[in-house]
Amino acid sequence: MELYRVRLKSGVDYQKLKTTELFGNVFELIFIKKSKNEMEFYVRTASKEEILRQYFVLSKADEPPSTRLVGVLKLKNEKDFYANLEYSNLLNLVTSLEEGEQIRIWVVLEPRLNDLFIKKADKLKLQAQKAMLGKRKKELLASILESYAKDNLYLLDIKVFSSQKSRLKLLFEYTRQLIHTQSKKLRMEIKKAKKFKDKQPKIGAWEAIAKYKVRLWIDEDKLNENLPLPSPTQVQIQMSIGVVLPYFKLDRKPEICIGKDLIYNEEVCLEPIDFIGHAFFFGASRSGKSNTLEVVAKQLKNYGVVIFIDPNSQSARKLSQIADMYFSITKEKPNFGLNILQLPHIFEDRKKNIDYQIANVLELFDKLLNLTETAVNVRYILQVLLYQMYKLTDNVTFQDVYNAVIDLYNGTLDLDVDDEQFQKEVEMLQKMQPQSFFSILTRIKMLVENDTFKYITSETTLDWDKLIPKIRKGLIVFDVGKSSGEIVSQTVQMMIALSLFYYAFRRDQRGEEKIPIYFVVDEAQNIAHFSFLGDILAEAAKYALHLILATQSYVRLMEMAGEGNARGLMANTNVKLVMRIVEGNDANEIAKSAGLREFVDVFPKLSRGMGFLTIGGKPGELSAVKFIQVHYSGLEDKEVKLTTGFEPKTRPSQDLSKMLNPVLQLIEKKSDALEHVILYKVFKNGKKIYMPDLLRELGIDRDRVEETINKLAAAGMIDVTKEGNKKTIIYVKGLFPLKHIVENEEGRKIALRVIKKYYDKGYIVVPGKQQGDVRPDFLALKYDTSYRVKYDGVIAVEIESPNELSVHVEQVVRNMKKYNELPNVVKDRITEIHIWTSEEAYHKLEEAYKKFLEDNTIDDAYKKKVKIFSVKIKQKVKQEAPKEKKTKEFTERKPESKESKQETVPALAQGAAANTNNKQQQNEAQTIAATDGKLGSLTEAFEVRGIKVVRYNDRATVVIDGKEYNITTLDYNYLKNIKDKIVSVKPQDEKIVIAYEDSRGKIQQKEITLQ
């Protein structure tokens, strides 16, 4: 029998081959773990060499040395020998070996096994004839043994070698999971391997008759299934690529030795000059790509400053042991700060610095926000914001951008009020779709709310101008692992890349010394979209910034960086290493771009650490291709302490962040206090006022009043005429914004009176934003003498109709509680929450308020903010018995609880209506009661979903927003029949669309024409 060292061939599907067909009925497999990334494979067999060479690359070998200890696997009990032995894939044991360990597996066809089973079967049959008990069991076991004896049975001899007894025990425990016996027991005899001789095992004559049989055995089918030929993806066996590479002697000093040439068995070394032209490594997960980066960084640090960025943490931990500086974002608190939005000072002209910064930062946001080329609105928003921010300050942060976007969306952005061009730009931006804003907010919000990211970007502490000249030659490692979130990891990686380029560009502009920088980046697709990479690739010597990039997928690189950028990276990198690639599209693209088309079928079969290395030649040299096994870096997976002295100090919020007004998130749109006050004064004066009287009451500049009046007139809220020589302003609409907030008739009557009361007491009333979880009906806001809105002392106003109190009391209680859910920055601005209803329904509101006060999950401070009130609404006039007119139109009440008795009613509840003269009351009542209608010969009526449906003697109508429309009596009867099942009523042009629930519980629609 010959002993061969074996390498696998590409293009051979080893899963379809059987070990017994290739190696015969007697053979030995030997696996020796040489290093972390290399497994040696030997076969001892009598098979013909010319047949084996069809499937393997062979070389005759000497007997490999064994280690100090050997563990021999045996059965624990003889009864297991005669039972069926079950196996799992034994190559799993091979993959568990550590460096220096080996396993030897003899497989021997042993006819004596068949004889032993037949003898045992005969013996069991005799015993069965005589047995009183267990007869059937003995007969069954005899039958099973006879069936075994019909197959080819192999003796299986497994020996494990290691220098440590503890390791042998660990491997034995693992083996017990792969070999299953009847007793669930195995044993390992550990011996010293000094006198070990590798001999073919056999069952001797004495063992055949002895009663203690503890050998492992296996039948042919199980053998081929559970001891298959190894594949390079499972076991790291050296592989022959199946083609011949011409020998090329690299004229390089042994400065940066990467690995070993697998074809010509020599060291493959490079020089720093090879990396001046950059390098690109490709490999799927567990291909050995990270180890390769470690090997390169470990040696390149002797020739310049290596900056190593690791998004997976493990390589960073390893390299920290030899690094000059070690930074991380994965700890409880990062140890460095880097605010990439801080304005760089590269040029003397500030505007040029701003333009340069915005161009680069927008590329960062393009990647961060996954913006497509069609997302011009979002890019434009950011461009305008950043330009205006940099006009005010150098220190812009991501938080500032986030706050400014919210301000812009709410119409409160005020970066430079004297800039007319900016005002035009703001108006244009505010016309954009809300989706443009939300696409910014949702992604930036993930960053600005992340504590790690906020801490890093609070201040820049990495001053490359000082660090690079100080180190000159060495290693700086960044662990940008994903423990704080993938978006944080990717963004920090981009920021480091951008900051390094700023430094390289700045020192070139200033003519400073250019110490070589080797920038090593795993998952390079995260930075490959930056346009500055083109400058670096094309003019590496000019900037002395050299890229060593790595990625798992070239197709993914093209998707994220663009096909042009990806192909540019491939075309302009001098050193390329292609390791195992499992995706077909990746293999084809890389083979085409790297000039390795003939090896495309080999890429998926490479074992860990194997790869094709292409090196651009020096002047006068041809490019070379080497098939190599990369060396193991030799670094343990442990880390040293982080570098200290670079911790950022969080700065207080700058003036820019003060633009964010938290109350505005509750308001539908920003309001002009002067517009509201003018409308109120016109309305209060009998819906008409002369301009001199208005100016006298307002007490401000005439031009400002004129401008506001023109806006109101253009919006159709007032009419402007002349009576004689006097300019006259007439009220039309706009003081009572009830649409989409208070829809039913009783609620509208309450709201009209309540809104007027707040205006009487010096507030303006704005509708709440009807989006989100907290939706106020109205907010009452104060204003100063210059008619600037004041956002402190806000009163939140809720209108509860009698119907709501009767049907949805839980929603009323919810309205009392909901403001407690707001962030403190918003909640603290709301001093009181007022809940209003009619005088007739006030007792129900008191009941809801009592439930609210009984909720122990709400603190007393918040409870004291909530107050309840009532107003008296105008009753429908009965023809036969007109009631006596009261002098006081509104009544306000508070609950008779202990807490309410101690509270003082706000100024607005001090009886302002009593001071209103009769004429003003009459005018106001005419307007406020506009929705009451004149019922005439009314026979019946009902209200549903905010509309009133009325039946007269001769006709039927619906009342919508105070206007009456005719409908047919058939439509009236139809609505009356389904009124309890109606879920919504929507006016549309000259019809209403009714949605209702049918008898099967499904929603149906009906349209009713309005006449």
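User: Before we start, what counts as a helix here?
Analyst: Helices are DSSP runs of H or I with at least four residues, and they are numbered from the N terminus. Please keep in mind as we go that this is a predicted model.

User: OK, so where does Thr19 sit?
Analyst: Thr19 belongs to helix 1, which covers residues 19-23.

User: Is Thr19 buried or exposed?
Analyst: Thr19 is buried, because its relative accessibility is 1% and buried means under 20% relative accessible area.

User: Which residues does Thr19 touch, leaving out those up to four places away in sequence?
Analyst: With those sequence neighbours set aside, Thr19 touches Gly24, Phe27, Leu223, Asn224, Leu227, Pro228 and Leu229. As for Leu227, its C-alpha is 7.7 Å from that of Thr19 in space, although 208 residues separate the two in sequence.

User: Switching to the surface, which residues make the patch of positive charge?
Analyst: That patch brings together Arg68, Lys192, Lys194 and Lys195 on the surface. Of these, Lys195 is in the loop that runs between strand 10 (186-192) and helix 8 (205-209).

User: And how exposed is Lys195?
Analyst: Lys195 has a relative accessible area of 79%, and it therefore counts as exposed, a word used for values over 50%.

User: What about a nonpolar patch, which residues make that?
Analyst: Leu140, Leu141 and Ile144 form a nonpolar surface patch of about 220 Å². Ile144 is part of helix 6, residues 135-149, and with a relative accessibility of 33% it is classed as partly exposed.

Conventions. Residues numbered from 1 in each chain as written. Predicted model: local features only at pLDDT ≥ 70, side-chain atom pairs only at ≥ 80, totals over all residues. Heavy atoms only, no water. Patch = residues over 30% accessible without salt bridge, like charges linked within 9 Å, V, L, I, M, F, W, Y side chains within 5 Å. Areas by Shrake-Rupley, 256 points an atom, 1.4 Å probe, with all protein chains shown as cover. Salt bridge = Lys/Arg side-chain N within 4 Å of Asp/Glu carboxyl O. Lys, Arg positive; Asp, Glu negative; His and termini not counted. Charge placed at Lys NZ, Arg CZ, Asp CG, Glu CD. Helix = DSSP H or I, 4+ residues; strand = E, 2+ residues; numbered from the N terminus. Buried < 20%, exposed > 50% of the residue type's maximum accessible area, 1.4 Å probe, protein only. Contact = heavy atoms within 4.5 Å.
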